[in-house]
Amino acid sequence: MAQLSITMDQADALIDVARHIRIEGAQPGEAVEVTAETPRSGVLWRAQARFIADAKGTVDLRRDAPVSGSYAGADGMGLVWSQSPVASTSRELFNQPVTDALLTTLQASTGTAQAQASLSQQLAAPGVTRREVREDGLVGTLYLPAGAGPHPAVMIVNGSGGGINEPRAALYASRGYAAFALAYFKAPGLSPYISNTPLEYFEKGLQWLRRTVQPAHDFVALSGQSRGGELVLLLGATFAQQVSAVVGYVPSAFVHSGQNACDPQVGREGPTWLLGGKPLTHIWENNRTASWAPFDEGPSPHRHERAMRTALLDAEAVARARIPVERIQGPVMLLSATDDGSWPSSVYSQMVRDKLAEVQHPHDVQWLDFERAGHAILFPYVPTTQLVYAHPVSGKVSTGGGNPADNAHADAASWQGVLQFLERAVAAKAGAAQP
């Protein structure tokens with residue numbers, strides 16, 4: 001009788017690599033229980049699924065749907081994204097250092113046999129280097145790919161959670177980009193709040209990155225998530241000559257107020273961004289229809305986007321706060337979700353896409369709108385089960401929307417889309433530089 005075993009094509013690889021996992025050696029038609037456990041930031045996460053072996057005694061996770069368990073449908077990485085924390089309400093925030101791999105233990109069992117294997121997800125490829133940046137008033141971390149370069153560059157900014165997005169920068173560097181994760185609040189030496197953030201700080205970051213890494217083809221892209229998605233569109237429109245391409249994850253088409261990341265002394269209807277020392281007009285400002293009541297008083301779990309939609313009913317306020325994306329002088333990529341619980345990123349992205357089409361934007365414009373997915377479009381192949389959470393600044397409990405399966409699809413497809421978009425953008429910049 002064959003011995004039960006677990007095989008996979010790449011046991012140790014980057015986090016964005018899908019694995020092909022198979023269980024062999026079961027009896028034909030036998031039930032096979034498979035579990036996946038991963039310690040994440042000191043919390044154990046777990047998923048399980050029950051399969052029926054085929055006529056050869058094999059279970060192939062890419063081919064076979066479980067008959068019960070943590071996820072439904074054939075999905076080769078379902079046992080990773082469907083994990084939930086054991087005895088905890090933790091979210092996956094990538095608090096572990098990027099030098100530490102995420103190690104998942106897979107265990108398969110039948111009535112008479114067991115097998116075990118390990119799966120390693122790396123956040124940084126071999127040879128990627130890390131450098132803390134605390135100069136020119138900037139707070140961030142620079143990741144460089146292996147090899148001498150020069151490399152095209154990306155500057156990464158976070159959303160309303162603040163901090164330094166080192167995992168995203170490490171993954172960009174692993175795929176060939178000089179990646180600068182720049183914090184602008186809630187990081188050492190910076191304000192704990194998003195309110196009254198000067199845009200000139202980011203211009204200084206762009207200049208520092210260009211000066212420091214001397215990027216290939218002078219290519220410097222911006223990548224941001226949520227409020228960071230709003231920010232990168234705004235920076236691309238404001239400092240157009242310095243921005244080669246823009247990647248906006250679940251972005252806004254408008255300047256917004258401080259919202260849940262605000263300084264309590266300024267208030268959530270106070271300004272977020274300053275330019276030349278003056279606040280930029282935001283959509284909540286003198287808005288005749290905007291109301292927080294649908295968020296504050298709405299049914300649980302609270303959906304922030306319900307309040308955001310009230311602001312869209314005042315056409316004059318919308319026009320005043322619109323980000324002038326037509327000023328961007330490079331390719332633009334938008335990633336949104338139709339069930340975004342934080343704000344209507346699908347509606348916002350369509351507005352941006354339509355404006356760029358209206359002005360016949362001369363560069364590549366890509367829009368991936370993920371059906372039934374929510375606000376948390378993040379990394380490929382990470383848990384997507386924690387949909388309700390407390391905001392990291394305000395503490396308000398709400399949902400980002402979506403569902404685990406569609407959020408997992410958005411995670412994987414968005415990253416592949418971004419890599420393809422940037423590859424085209426770099427090639428276009430290189431071609432434009434040719435005599």
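This is a predicted model: local features need pLDDT of at least 70, side-chain atom pairs count only at pLDDT 80 or more; totals for chains, interfaces and linings use all residues.
Residues are numbered from 1 along each chain as its sequence is written, and side-chain values use heavy atoms, with hydrogens and water left out.

**Entry: the pocket**

I wrote down what a pocket is: on a 1 Å grid over the protein atoms alone, an open set of points where a 1.4 Å probe fits, with protein on both sides within 12 Å along at least five of seven lines. I found 16 residues lining the second largest pocket, with S244, Q329, G330, H363 and K429 nearest its centre. A lining residue has an atom within 4 Å of a point. Helix 9 (residues 404-433) gives the most to this lining, with four residues. Helices here are DSSP runs of H or I, at least four residues, and strands are runs of E, at least two, numbered from the N terminus. By type, the lining divides into seven nonpolar, five polar and four charged residues.

**Entry: strand 4 and its partners**

I counted two strands as paired if DSSP finds at least two bridges between them. Strand 4 (residues 31-40) pairs with strand 5 (residues 43-52) in the antiparallel sense over ten bridges. P39 has L44 as its bridge partner in strand 5. Two residues lie between the strands of this hairpin, and S41 takes a positive phi near 50°. Strand 4 also pairs with strand 9 (residues 102-109), antiparallel over five bridges, and there T35 stands opposite Q107.

I found an open sheet in the order 15-18-19, with mixed pairing. Strand 15 (197-198) and strand 19 (278-279) are its edges, each pairing on one side only. Strand 15 and strand 18 (residues 273-275) run parallel over two bridges, with T197 opposite W273.

**Entry: the cores**

Which residues have the most contacts inside the largest nonpolar core? I listed F180, Y184, L199, F202, L209, L233 and W273, out of 57 residues. Such a core is a set of buried Ala, Val, Leu, Ile, Met, Phe, Trp, Tyr and Cys residues joined through side-chain atoms within 4.5 Å; buried means under 20% relative accessible area with a 1.4 Å probe, protein chains only. A second, separate core of 43 residues includes A169, A181, F370 and A373.

How values were computed. Ala, Val, Leu, Ile, Met, Phe, Trp, Tyr, Cys and Pro count as nonpolar, Asp, Glu, Lys and Arg as charged, and the others, Gly among them, as polar. Buried means under 20% relative accessible area, exposed over 50%, partly exposed in between (1.4 Å probe, protein chains only).
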